[in-house]
Amino acid sequence: MGENNLILLLFILIEYLCGSLMFSYWLGIAVKKDLKTIGDGNPGAFNLWHAAGYKMGLLGVLLDFMKGYLPLVLFYESGIINGYKLVPVALAPIFGHVFPAFTKFKGGKAIAVTFGVWSAISRFKVSLTFAILLAIIKILAGSISKRKPISSDADGVMVVYGMLIMGICLKVSGLQGYYMGVWLGNLIIFLYANRRKLYRFWKEM
């Protein structure tokens, strides 16, 4: 194995371990809230928000965002990782959040860390697009449901749909190549992380 491949594997491992840092779950434990026993059992930032209030939730979102953003933007902007080598490195923190080494490989849905990753590799352009897409989808869903509370299952479905549409936006905008590789991997991880919600949602339709 060449030196370049060893360096690539090292960066992937670093990013995976960063993704495995379950800040929101640990913040919940700090305030005596076991997120795995609350709501849908998701140990991520949005469940922390519901369990411990918006202040702790915002802190969880920020920390989850930064673990996806900070190491990756340093690797990417420095030119250490470029081209298609970026794909596994960028996906590693998202994968790490869903399958974290520090909590027996049972993690969250990786929404905040996904925003961090896309902010790092697109200078916020793609993450802003994704945020706008999710907002539009949520508004439309609210209109269809006649302002009834949107279920957790529906939230999971909206995230997956948003990622699907984002792929079309990437294609149309010309951001192809390794961006499409990161997008496809991200979509697959989202599909897995939300598989039960997707199944229940479609079963009820």
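Student: How does the end-to-end span of helix α8 (residues 152-173) compare with what it should be?

Tutor: The two agree: the 22 residues of α8 should span 32 Å at 1.5 Å a residue, and the end C-alpha atoms are 31 Å apart. The expected span is 1.5 Å times one less than the number of residues, and helices here are DSSP runs of H or I with at least four residues, numbered from the N terminus. This is a predicted model, where local features need pLDDT of at least 70, side-chain atom pairs count only at pLDDT 80 or more, and totals for chains, interfaces and linings use all residues. Residues are numbered from 1 along each chain as its sequence is written, and side-chain values use heavy atoms, leaving out hydrogens and water.

Student: Which residues of α8 are buried?

Tutor: Among them are D153, A154, G156, V157 and L170. Buried means under 20% relative accessible area, exposed over 50%, and partly exposed in between (1.4 Å probe, protein chains only).

Student: And what comes just after α8?

Tutor: G174, with a positive phi of about 90°.

Student: Switching to rings, how many aromatic pairs are there?

Tutor: The count is 12, pairing Phe, Tyr and Trp rings (six-membered ring for Trp) with centres within 6.5 Å; planes under 30 degrees apart are stacked, over 60 edge-to-face, the rest tilted. One of them is Y16 with F95, tilted, at 6.3 Å centre to centre and 45° between the planes.

Student: Where do those two sit?

Tutor: Y16 is in helix α1 (residues 3-19) and F95 in helix α5, 79 residues apart.

Student: Is Y16 buried or exposed?

Tutor: Y16 counts as buried because its relative accessibility is 15%.
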